[in-house]
Amino acid sequence: MKRIVKNITAVLVAVSVLATGLSPGASVYAESVSASMQEEIAAEQEGVLSGEEEVTAEQEDMISDQEESTADEAQTMNAYADTSVSQTPSVQYQVHVAKKGWQDTVSDGTVAGTTGESLAVEAVRISLANIDADEWAGSGIEYTTHVQTYGWLSSVSNGAGSGTTGQAKRVEAVMISLTGPIAEKYDIYYRVHVQSYGWLDWAKNGEKAGSTGYAKRVEAVQIVLVEKGEAAPGSTSRPYVYSRVSYQAQSQTVGWQDSVTENEVAGLTGAAKRLESIRIQLSSEIEYSGSIQYQVYVQSYGWMDWKSDGQTAGTVGEGKRIEAIRIRLTGDVANYYDVYYSVHMAKIGWCNYACNGEVTGSIELSKRVEAIQICLVKKGVDTVPDTSGDKYIEGYSKGCFYYSAQIKGVGNTGYLAQTNTLGTTGQSQQLQNITLYLSGNSTEVPSGTIQYATHISSHGWTDWSTCGIASGSNTSAYGLEAVKIQLTGDLAKYYDIYYRAYVQDYGWLGWAKNGQIAGTTGISYRLEALQITLVSKDAAAPGDNSGYYTNQKKITTTDTMHAKAMQYSSPTQYLIMVDRDAHKVGIFTGSQGQWTYVAKWDCANGKASTPTVGGVFSVQNKGTYFDSGSSRCYWWTQFYGNYLFHSVLYTKSGTLQDGRVGMALSHGCVRLEIQNAKWIYDNVPRGTTVVVY
């Protein structure tokens with residue numbers, strides 16, 4: 001009996017130790033131990049009571065006391081087991097990092113991934129832990145990732161992988177949500193560390209976290225469970241960023257470029273390439289209905305039709321520049337957003353932003369738009385771009401600039417639009433005075449004016465006059481000999497003014513510009529007519545800016561070559577004329593209309609079967625000699641392809657082989673006596689005009 005009681009006591013002690021020393025994680029195991037021990041105790045008690053020995057009253061009391069003690073222990077044990085069933089759920093997660101693979105599993109807000117290493121998260125696995133208790137039955141977790149190239153993937157759950165491995169595709173955003181009973185008691189919060197942005201704010205319960213449309217990688221993630229009603233782990237204002245607008249440019253010689261997103265550059269800067277067409281569209285992420293519309297002003301065509309939502313505005317394959325653009329929002333989206341846009345203009349650079357249908361760029365200036373930036377700004381929330389300063393320039397149309405003149409002995413010419421001839425030609429009638437006029441289309445034209453001064457016979461130069469004020473003589477006793485014209489203010493920033501004079505004996509001189517003297521002084525030659533034009537700095541000049549002034553009287557000559565030479569200009573101080581019929585080469589110095597002879601030589605040009613090429617050419621390469629068969633030619637100067645000035649023929653030993661000139665006998669080159677060929681080699685620079693007739 002003592003043995004039995006001793007055993008019972010030992011069992012009770014063991015049960016007590018187990019009950020008091022259990023950890024919460026071992027509660028289920030403790031329940032099974034307690035039950036088995038109680039069964040054993042009951043069995044032993046039953047065996048004792050039915051044994052052959054007679055149990056005394058004292059012993060019965062002892063047994064009764066022990067039974068009560070055992071019952072108390074069991075009740076305490078069961079109570080502990082019941083409370084230990086209630087567990088705190090946990091979230092566990094694991095990420096696959098580029099170049100590193102799957103990282104260790106972490107939980108409850110610990111950072112998974114990397115920061116500061118520029119490595120992308122490529123896939124994630126997420127699961128719940130400590131949800132074995134009955135109250136969490138059916139609980140789970142669902143999630144999806146937005147992956148480079150693929151977009152949002154189908155949702156997965158409970159530890160499955162979302163994303164890619166082995167494809168080098170970045171995860172750009174995530175969405176995570178709880179399912180089942182746990183969703184009623186907990187919120188799941190998560191945030192991501194994104195390339196260029198760093199840590200974004202916390203999203204929760206299926207909201208988007210990360211970015212889309214910017215091609216930015218997620219680099220790390222944190223996830224945590226928070227009981228309903230408890231505070232978020234941090235700010236929740238900006239968990240997700242996305243491109244509200246995307247746009248694509250087609251540039252000169254480059255074609256369509258990749259689509260870009262808000263505030264990024266579409267087109268090219270620093271390459272002198274015109275923007276020819278553009279496409280713009282709103283993101284599908286925008287929560288409001290509506291469209292984005294855009295209109296472009298195109299070279300030769302003017303304003304084209306409005307386009308919208310990804311349609312092409314502009315031209316393709318026509319070589320036409322976009323010069324101005326305007327963009328607007330329509331529908332519900334216009335109530336919540338403003339659209340801002342800035343263009344990069346040739347020779348000006350980036351303009352400040354225009355907004356909601358305003359025009360940016362230029363009109364009537366022949367100035368190309370080269371690139372564009374666009375962004376959407378949420379009204380009352382986002383920072384507004386700088387809209388101060390110039391963003392649109394309207395040029396002067398042809399009819400805005402005009403002029404009139406008084407002709408000696410004839411009267412007033414009336415008003416003539418720019419480029420028209422002011423005065424007469426071939427009638428020996430002198431201009432007496434001129435008046436210029438400039439009227440703007442609108443307040444958007446460049447500020448500034450035109451100034452002009454005239455040289456009056458026997459008096460000299462007048463002071464500068466401005467638009468609407470006559471310059472010249474107020475009496476027919478005197479007339480004009482020269483003129484100079486210049487621009488002021490912003491007008492000079494965007495325009496050049498070109499003008500040329502028709503002068504007694506000379507006829508039309510070359511084009512002067514921006515204050516240069518056009519005409520003659522000191523030789524008492526009449527200024528008989530003018531042509532004047534206002535030209536955008538981005539447009540072509542009306543002609544060469546040379547030969548626009550002289551103070552030398554016209555030399556009349558019966559020399560046909562000299563007379564012909566007067567018609568040509570040269571970028572150097574020399575001009576070479578070749579008369580094939582007369583077999584002559586003339587070397588001139590000066591400028592157009594003012595050429596004087598340096599030399600005139602006999603030559604041997606091409607025979608009938610191999611004639612010397614005719615036309616206007618220029619001096620190119622030079623050399624000391626070349627060999628042709630048994631012949632050697634010295635001091636050659638190229639003027640077109642294989643056509644050269646060079647010496648008459650010598651043998652390779654240096655003796656004269658064929659020194660004939662003054663006839664047609666070459667294979668197309670122009671042969672000269674050796675000293676004359678060397679003079680051209682030594683003195684006439686590359687680029688000099690060569691006229692062969």
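The charged end of Arg279 is placed over the ring of Trp256, at 3.8 Å from the ring centre. A charge sits over a ring if NZ of Lys or CZ of Arg is within 6 Å of the ring centre and within 35 degrees of the ring normal. Lys320 likewise lies over the face of Tyr301, 5.8 Å from the centre of that ring.

This is a predicted model, in which local features need pLDDT of at least 70 and side-chain atom pairs count only at pLDDT 80 or more, while totals for chains, interfaces and linings use all residues. Residues are numbered from 1 along each chain as its sequence is written, and side-chain values use heavy atoms, with hydrogens and water left out.

**Aromatic pairs**

Rings of Phe, Tyr and Trp (for Trp, the six-membered ring) pair if their centres lie within 6.5 Å; planes under 30 degrees apart count as stacked, over 60 as edge-to-face and the rest as tilted. By this rule there are 24 aromatic pairs. Two of them are set out below.

| Pair | Centre distance | Plane angle | Class |
|---|---|---|---|
| Tyr297 and Trp303 | 5.5 Å | 80° | edge-to-face |
| Phe617 and Tyr640 | 4.9 Å | 35° | tilted |

The pair of Phe617 and Tyr640 links distant parts of the chain, 23 residues apart: Phe617 belongs to strand β53 (residues 615–618) and Tyr640 to strand β55 (residues 631–640). Strands (E, at least two residues) are DSSP runs, numbered from the N terminus. Ring pairs also join Phe617, Phe639, Tyr640, Tyr643 and Phe645 into a cluster.

The members of these two pairs may also be described by accessibility. Buried means under 20% relative accessible area, exposed over 50%, and partly exposed in between (1.4 Å probe, protein chains only). Tyr297 is buried, at 14%, whereas Trp303 is partly exposed, at 27%. Phe617 is buried, with 13% relative accessibility, and Tyr640 is partly exposed, with 41%.

**Nonpolar cores**

A nonpolar core is a set of buried Ala, Val, Leu, Ile, Met, Phe, Trp, Tyr and Cys residues joined through side-chain atoms within 4.5 Å. The largest such core has 71 residues, and Ile327 and Ile434 have the most contacts inside it. Apart from it lies another core of 36 residues, including Val121, Val124, Tyr214 and Ile223.

Contact means heavy atoms within 4.5 Å. With neighbours within four places in sequence left aside, the contacts of Ile327 include Ile280, Tyr294, Val339 and Ile374.

Ser536 is found in strand β47 (residues 527–536) and is buried, at 5% relative accessibility. Leaving aside neighbours within four places in sequence, Ser536 is in contact with Leu365, Ser366, Tyr494 and Tyr495.

Pro233 is located in the loop between β15 (218–227) and β16, and is partly exposed, with a relative accessible area of 40%. Not counting residues up to four places away in sequence, Pro233 touches Tyr189, Trp202, Val224 and Val226. The C-alpha atoms of Pro233 and Tyr190 are separated by 9.1 Å, although these residues are 43 residues apart along the chain.

**The largest pocket**

On a 1 Å grid over the protein atoms alone, a pocket is an open set of points where a 1.4 Å probe fits, with protein on both sides within 12 Å along at least five of seven lines; lining residues have an atom within 4 Å of a point. The largest pocket has a volume of about 550 Å³, a volume being the space filled by probe spheres set on the points, which are joined across faces, edges and corners. Of its 19 lining residues, the closest to the centre are Arg238, Val241, Tyr242, Arg244 and Asp382. The elements that give two or more residues to this lining are β16 (240–242) and β31 (369–378); β31 gives the most, with 4 residues.
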